[in-house]
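Good morning, and thank you for coming.

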Amino acid sequence: MATRIEIDPRSGFCNGVVTAIRKAEEELEMSSCLYCLGDIVHNSDEVERLRRKGLITITHAEMEKLHDVKVLLRAHGEPPSTYELARRNNIEIIDATCPVVLQLQRRIKQTFDTDPSHPQIVIYGKKGHAEVNGLVGQTAGEAIVVEHRDELDRVDFSRPIALYSQTTKSLEGLREMIGDIKARKQDDSTFTYHDTICRQVANRVNHLREFAAAHDVVLFVSGAKSSNGRVLYNECLGVNPSTYLVANSQGIDPQWLREARSIGVCGATSTPRWLMEEVSEQARKLLDQ
């Protein structure tokens with residue numbers, strides 16, 4: 001009986017990434033030069049595909065030296081300082097910030113600017129992540145970023161606290177963070193928390209668990225830089241120990257596929273569909289050898 005290979009129909013780019021890549025491709029069709037501040041998506045194969053079309057990835061330091069050009073801001077968003085730099089250098093911004101991230105930025109800024117209790121703004125997220133840098137920027141750099149519960153030691157539990165979350169963090173992790181703060185805060189201090197996790201991402205978890213459990217072997221396709229990819233890969237691995245993380249079709253070990261009657265191919269919100277299709281095709285070739 002031939003081995004069945006299935007690509008998860010719900011894996012791949014989220015809406016924010018789809019929009020960013022569409023904007024980049026549309027602009028590249030009209031212009032000979034477009035810069036992108038940071039990797040447009042945390043997937044090196046997709047970044048390389050767009051580089052061949054003319055997209056030039058730059059750092060913040062490199063942007064400071066540019067004038068009179070177009071720069072695309074990816075879905076992760078940017079702090080206010082990036083927009084100020086663009087104005088100073090006469091740079092036209094092609095803004096592809098995800099609407100979910102943009103709304104979160106506005107909420108954090110409103111709390112920072114107008115909340116009369118002047119709470120400590122705590123962000124549950126990965127320090128240094130592009131989205132988190134944009135969120136911290138809404139607070140003039142004052143927000144406290146915590147990814148693990150032991151990092152809460154930096155919070156003053158005698159003062160008011162307002163907790164927000166990076167959009168791609170896990171719901172379970174956010175619930176644990178809320179519980180810890182409630183347990184540690186002083187009785188007379190206020191604590192407000194906001195579930196700002198993107199449901200398009202969060203809702204994939206249960207689906208991926210079911211998908212992984214339904215196959216003998218799972219090939220999870222994700223770039224090394226993808227935080228979301230690591231989270232979703234571990235969810236698959238938790239229900240199926242024969243889950244393997246691959247960056248592309250070259251990463252498949254033929255030994256993994258032996259004895260498998262069904263193989264599932266899935267990926268992160270930063271994984272392009274074409275890359276999952278290449279992995280599926282390579283798996284089939286290896287099985288047919």
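**A buried arginine and its surroundings**

Leaving aside neighbours within four places in sequence, Arg204 is in contact with Arg10, Ser11, Gly12, Phe13, Cys14, Ala268 and Thr269; contact here means heavy atoms within 4.5 Å. Before I continue, please note that this is a predicted model, in which local features need pLDDT of at least 70, side-chain atom pairs count only at pLDDT 80 or more, and totals for chains, interfaces and linings use all residues. Residues are numbered from 1 along each chain as its sequence is written, and side-chain values use heavy atoms, with hydrogens and water left out.

Arg204 lies in helix α9, residues 204–213. Helices (H or I, at least four residues) and strands (E, at least two) are DSSP runs, numbered from the N terminus. Does Arg204 have a partner of opposite charge, or is it without a salt bridge? Arg204 is buried yet has no salt bridge, and the nearest side chain of opposite charge, Asp8, is 6.7 Å away. Buried means under 20% relative accessible area, exposed over 50%, and partly exposed in between, with a 1.4 Å probe and protein chains only. As for charge, Lys and Arg count as positive and Asp and Glu as negative, while His and the chain ends are not counted. A salt bridge is a side-chain nitrogen of Lys or Arg within 4 Å of a carboxyl oxygen of Asp or Glu.

**Salt bridges**

Side chains of opposite charge can pair when their charged atoms come close. How many salt bridges does a search of the whole structure find? The search finds 17.

Arg52 forms a salt bridge with Glu48, and their closest N and O atoms are 3.5 Å apart. Both residues lie in helix α2 (residues 44–53), 4 residues apart, about one turn of the helix. Arg52 is exposed, at 58% relative accessible area, whereas Glu48 is partly exposed, at 29%.

The next pair is Asp153 and Arg184, with the closest N and O atoms 2.8 Å apart. Asp153 lies in the loop between β7 (144–146) and β8 (161–165), and Arg184 in helix α7 (residues 171–184), so the pair ties together parts that are 31 residues apart in sequence. Asp153 is exposed, with a relative accessible area of 57%, and Arg184 is partly exposed, with 37%.

Asp216 and Arg261 also meet in a salt bridge, at 3.8 Å from N to O. This pair links distant parts of the chain, 45 residues apart: Asp216 is in the loop between α9 and β10, and Arg261 is in the loop between α11 (254–257) and β12 (262–267). Finally, salt bridges that share partners join Glu25, Glu46 and Arg49 into one network.

**Cysteines**

A disulfide is a covalent bond between the sulfur atoms of two cysteines. The cut-off used here is a pair of cysteine sulfur atoms within 2.5 Å. By that rule, the structure holds 0 disulfides. Cys98 is buried, at 13% relative accessible area. The sulfur of Cys33 is likewise too far for a bond, because the closest cysteine sulfur, in Cys36, is 12 Å away.

**Empty space**

Rolling a probe the size of a water molecule over the atoms shows where empty space is left. On a 1 Å grid over the protein atoms alone, a cavity is a set of points where a 1.4 Å probe fits but cannot get out, and a pocket is an open set with protein on both sides within 12 Å along at least five of seven lines; lining residues have an atom within 4 Å of a point. Grid points are joined across faces, edges and corners, and a volume is the space filled by probe spheres set on the points.

The structure holds 1 cavity of 30 Å³ or more. The largest cavity has a volume of about 50 Å³, and its lining includes Thr168, Lys169 and Ser170. Helices α8 (199–202) and α10 (227–239) each supply at least two residues of that lining.

The largest pocket has a volume of about 390 Å³. Of the 24 residues that line this pocket, the closest to its centre are Cys14, Val17, His76, Thr168 and Thr269.
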